[in-house]
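Here's a quick tour for anyone opening this structure for the first time.

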Amino acid sequence: MTDTPFVIAGRTFTSRLIVGTGKYPSHAIMAQAHAASGAEMVTVAVRRVNISDRSKESLLDYIDDRIFILPNTAGCYTADDAIRTARLGREAGLSHWVKLEVIGDERTLFPDNEALIDATRVLVKEGFIVLPYTNDDPIACRKLEDAGASAVMPLGAPIGSGLGIQNANNIRIIREFSKVPVIVDAGVGTASDAALAMELGADGVLMNTAIAGAEHPVQMAEAMKHAVIAGRLAFLSGRIPRKMYATASSPLEGVIGT
């Protein structure tokens with residue numbers, strides 16, 4: 001049994017777990033959690049980084065130099081705002097990669113898929129590697145891929161809800177038809193949620209609150225690392241079919257006296 005590499009836009013990552021930088025009790029605990037998670041990519045809100053005076057202490061000072069930084073456009077409610085924020089991040093030297101978020105509703109924080117697709121088209125034309133956060137909608141994911149997205153990031157549940165995967169079948173469908181990596185983003189609450197996302201065939205999982213908001217973030221980060229590995233192995237192994245009735249684990253065929 002062999003696995004395929006986790007590759008996004010030509011860049012290979014060993015870890016399939018992507019983590020965030022918000023809501024931690026302190027920057028020091030965040031750094032410890034990042035190390036425990038084994039993640040090789042972290043997402044950072046452009047609006048949380050002091051890009052006007054880099055001489056002052058910054059969130060970036062607590063991110064290991066070996067970890068790839070993925071800027072995000074959190075807090076943007078229009079395509080124009082998200083595009084402008086992505087450009088600011090690139091101009092500040094963060095990256096030409098972007099986790100693209102265009103929020104459509106303040107209460108649910110669900111994405112505005114129409115605006116998201118428009119922003120993806122613009123940023124791809126400008127040379128960005130775009131990873132859009134979207135609803136678990138197979139049609140929206142297909143349109144984002146057609147618009148040039150380098151991966152699609154369907155939510156498992158609303159941001160920060162901890163509800164886990166709410167529509168497993170949609171994640172399966174998205175994975176079946178997608179030609180780019182599928183990264184489940186948002187809604188993970190505990191390790192079993194991360195494992196399920198991987199068992200459904202997701203190429204990776206992105207999470208923040210599930211780790212940062214845990215009673216013990218560092219330990220939870222390590223649990224998530226193992227959950228993602230276990231879920232991927234289970235997916236590759238091929239689970240047994242679901243049946244309504246029991247099947248003996250020790251068949252009688254070949255037993256003496258039968």
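Let's start with a trio: Asp3, Arg16 and Arg232 are joined in a network of salt bridges. A salt bridge here is a side-chain nitrogen of Lys or Arg within 4 Å of a carboxyl oxygen of Asp or Glu. Searching the whole structure turns up 11 salt bridges.

Keep in mind that the model is predicted: local features need pLDDT of at least 70, side-chain atom pairs count only at pLDDT 80 or more, and totals for chains, interfaces and linings use all residues. Residues are numbered from 1 along each chain as its sequence is written, and side-chain values use heavy atoms, with hydrogens and water left out.

**Salt bridges**

- Arg87 and Glu126 meet through their side chains in a salt bridge, at 2.5 Å from N to O. This pair ties together distant parts of the chain, 39 residues apart: Arg87 is in helix H2 (residues 79-91), while Glu126 is in the loop between helix H3 (113-125) and strand S7 (129-134).
- Helices (H or I, at least four residues) and strands (E, at least two) are DSSP runs, numbered from the N terminus.
- Arg87 counts as partly exposed at 33% relative accessibility, and Glu126 is partly exposed too, at 28%. For these labels, buried means under 20% relative accessible area, exposed means over 50%, and partly exposed is in between (1.4 Å probe, protein chains only).
- Asp118 has a salt bridge with Arg121, where the closest N and O atoms are 3.4 Å apart. These two are 3 residues apart in helix H3, so about one helical turn separates Asp118 from Arg121.
- Asp118 is partly exposed at 38% relative accessibility, and Arg121 is partly exposed with a relative accessible area of 41%.
- Arg66 pairs with Asp64 in a salt bridge, with 2.9 Å between the closest N and O atoms. Arg66 is exposed at 73% relative accessible area, whereas Asp64 is partly exposed at 31%.

**Aromatic rings**

- The structure has 4 aromatic pairs. Rings of Phe, Tyr and Trp (its six-membered ring) pair if their centres lie within 6.5 Å; planes under 30 degrees apart count as stacked, over 60 as edge-to-face and the rest as tilted.
- Phe13 and Trp97 have ring centres 6.3 Å apart and planes at 80°, so this pair is edge-to-face. The pair links distant parts of the chain, 84 residues apart, with Phe13 in strand S2 (residues 11-13) and Trp97 in strand S6 (residues 97-100).
- Phe68 and Trp97 also make an edge-to-face pair, 4.9 Å centre to centre with 70° between the planes. Phe68 sits in strand S5 (residues 68-72), 29 residues from Trp97 in strand S6.
- Phe13 and Trp97 are both buried, and Phe68 is buried as well.
- Ring pairs join Phe6, Phe13, Phe68 and Trp97 into a cluster.

**A charge over a ring**

- Lys99 has its charged end over the ring of Tyr133, 5.6 Å from the ring centre. To count, NZ of Lys or CZ of Arg must be within 6 Å of the ring centre and within 35 degrees of the ring normal.

**Around Thr43**

- Thr43 is part of strand S4 (residues 41-45), and counts as buried at 5% relative accessibility.
- Leaving out residues up to four places away in sequence, Thr43 touches several others, including Val19, Leu70, Lys99 and Leu206. Contact means heavy atoms within 4.5 Å.
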